[in-house]
Amino acid sequence: MSDLQSEIKKRRTFAIISHPDAGKTTLTEKFLLYGGAINTAGSVKGKATSKHAVSDWMEIEKERGISVTSSVLQFNYDGYCINILDTPGHQDFSEDTYRTLMAADSAVMVIDASKGVEAQTIKLFKVCVMRNIPIFTFINKMDREARDTFDLLDEIEQVLGIKTCPINWPIGCGKEFKGVYDRNSKMVSSFQAVATGGSKAAKETDLSIDDPALKEEVGELLYDKLLEEIELLDGASDPFDIDLVSKGKLSPVFFGSALTNFGVEQFLNHFLQMTSSPLPRISDKGEIDPMGDHFSAFVFKIQANMNKDHRDRIAFMRICSGKFEAGMEVTHVQSEKKMRLSQPQQMMAKDRKIVEEAYAGDVIGVFDPGIFSIGDTVCVPSNKFRYEGIPTFAPEHFARLIQLDSMKRKQFVKGVTQIAQEGAIQIFQEYTAGMAEIIVGVVGVLQFDVLKYRLENEYGCDIRLEPLSYSHIRWIKDRTIDPNTLKGVMDVKKVKDMKGNPLLLFNNEWNIRMVLEKNEGLELMEFSKE
Ligand code: G4P
């Protein structure tokens, strides 16, 4: 195997998705501890001190103590080079969260064992399903009271529509949590609570299911329950099938407690074996082999003002094939411009560092002179193609954007356009020509504050946002249809996006169904194609 191939083969690039508070940060932190990337727990995010994994680039972030932007963490573990694409875990997450999933090869879904599948998990999960990427489930907080294990699995299957295959099985929960049974090795790792918090690991001993000591260890009641559940499980659950896992049709499920470090390393080991190295991506010239010699990447995120002294932008790109070398000449396919990618950066836990080389699977941030848009392709001049675009995700909150000082129209238009280009907000216009009303759509309401803050601070424009009641957006598949000719659209707002695509804003699902019923053959889409 060439050096290039072995570098790419050892890469694993994944996102961790969860509802806020399920334990994503804690789990990430434990992974980093294993990889030696950090030395103490609490260095990724200490809530009390509002420290963040990487970015505290905006006042809003600091004020609210949350991370607006997603970060990428790279570390080595057991011969693997791991890239974790972190997604903001706050309710006010943005389109960036969705886009980050486009850059991942697989996803880890963290679920709080006492809560089960929560709203945000569903949204993020839908994006993973759309891409057919493998999804691994870590059911966390088993050291607390948990819901019935079969119920939890049932809920994942029903709500998320994916089959599950437990790799291990919990014995008790909360104060009675005794450990997990590994279905393959038939061994039980028993859990003994230690003082929680910090980087202390729970004490673990391994016992075979046939070992008489086990009964004593876990107690007769839980032991009998375990045997019963294993029997039930072996008879009723879906068998493990790596092919179905790789197609995103079957989710391997693990149980543990991230806080006490229990089950985390087993999870990581299994997960790394079950996931694949970077996968081929689709382009207008067919599938691109990640092991190919030619470097290529696509932009999945643009972030402005990371450095307050310079109003600069960083474009984050996922390398999809070959090797990147600092200073190499590349073509930005969309503008057909040749350029050198300057100051490529990579994140290592808390720090940013300049990278000299990077490989397929890695993410680098490069200085953006204002030419990149989300979804753009960068490749070597001798081998040009375009990767499939990144879909536009449906915003759920809308507001009318009103400029307060009409003298500053130019800055205002520039600001709104640039911010929209970065993908933090989406802007729409009234469908009827001549109406200059601008409507802003966002995935998370925090983006409204971000927009107002940035227009005031960076572009000197005072604005007012008037919230609108719409919550559902649908693109009209046939873009030649004039929305004004549709039936039953009295309460529906007709707008067009920046690319001129017609779309409709609805107040609720019921309205959508009514419009579909009244207009035979009308096709509406939740994501725009490009
Ligand atoms: P998030 O990134 O998904 O939002 O969750 P995070 O890891 O920040 O965890 C949310 C809370 O749940 C934290 O407590 C964390 O310590 C706790 N937690 C995470 N994993 C486990 C677990 O396995 N067992 C138990 N019992 N708790 C867990 P907090 O009090 O909100 O914050 P902190 O003061 O501990 O930082």
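**Exercise 1.** Does Lys452 count as buried, partly exposed or exposed, and at what relative accessibility?

*Solution.* First, the classes are recalled: buried means under 20% relative accessible area, exposed means over 50%, and partly exposed lies in between (1.4 Å probe, protein chains only). Next, the value for Lys452 is read, and at 33% relative accessibility Lys452 counts as partly exposed.

Two remarks on the model apply throughout. This is a predicted model, in which local features need pLDDT of at least 70 and side-chain atom pairs count only at pLDDT 80 or more, while totals for chains, interfaces and linings use all residues. Residues are numbered from 1 along each chain as its sequence is written, and side-chain values use heavy atoms, with hydrogens and water left out.

**Exercise 2.** Identify the salt bridge between Lys452 and Glu456, and locate both residues.

*Solution.* Step 1: side chains of opposite charge can pair when their charged atoms come close. Step 2: the criterion for a salt bridge is a side-chain nitrogen of Lys or Arg within 4 Å of a carboxyl oxygen of Asp or Glu. Step 3: Glu456 and Lys452 meet in such a bridge, at 2.9 Å from N to O. Step 4: both residues belong to helix α12 (residues 446-459), where they stand 4 residues apart, about one turn of the helix. Helices (H or I, at least four residues) and strands (E, at least two) are DSSP runs, numbered from the N terminus. Step 5: Glu456, at 31% relative accessibility, counts as partly exposed.

**Exercise 3.** Which parts of the chain does the pair Glu357 and Lys323 link?

*Solution.* Step 1: the structure holds 20 salt bridges. Step 2: one of them joins Glu357 to Lys323, with the closest N and O atoms 3.4 Å apart. Step 3: the pair links distant parts of the chain, since Glu357 lies in strand β21 (residues 357-359) and Lys323 in strand β16 (residues 323-325), 34 residues apart. Step 4: Glu357 is partly exposed at 41% relative accessibility, and Lys323 is partly exposed with a relative accessible area of 24%.

**Exercise 4.** Which residues does the network that includes Arg464 and Glu466 join?

*Solution.* Step 1: the side chains of Glu466 and Arg464 form a salt bridge of 2.9 Å, N to O. Step 2: salt bridges that share partners join Arg400, Glu430, Glu437, Arg464, Glu466 and Lys493 into one network.

**Exercise 5.** What surrounds the buried residue Asp182?

*Solution.* Step 1: Asp182 lies in strand β8 (residues 179-182). Step 2: Asp182 is buried yet has no salt bridge, the nearest side chain of opposite charge being Arg183, 8.2 Å away. For charge, Lys and Arg count as positive and Asp and Glu as negative, whereas His and the chain ends are not counted. Step 3: the side chain of Asp182 reaches the backbone nitrogen of Asn184 at 2.9 Å. Step 4: leaving aside neighbours within four places in sequence, Asp182 is in contact (heavy atoms within 4.5 Å) with Ile167, Asn168, Met187 and His270.

**Exercise 6.** Where do the buried residues of helix α11 lie around its axis?

*Solution.* Step 1: the buried residues of α11 are Phe412, Gly415, Val416, Ile419, Ala420 and Glu422. Step 2: these residues cover an arc of only 160° around the axis, which puts them on the same side of α11. The arc is that of the directions from the helix axis to the C-beta atoms. Step 3: α11 is followed by Gly423, whose phi is positive, near 90°.

Key:
A polar contact is a pair of N or O atoms within 3.5 Å; within protein, one must be able to donate a hydrogen and the other to accept it, and residues adjacent in sequence count only if both atoms are side-chain atoms.
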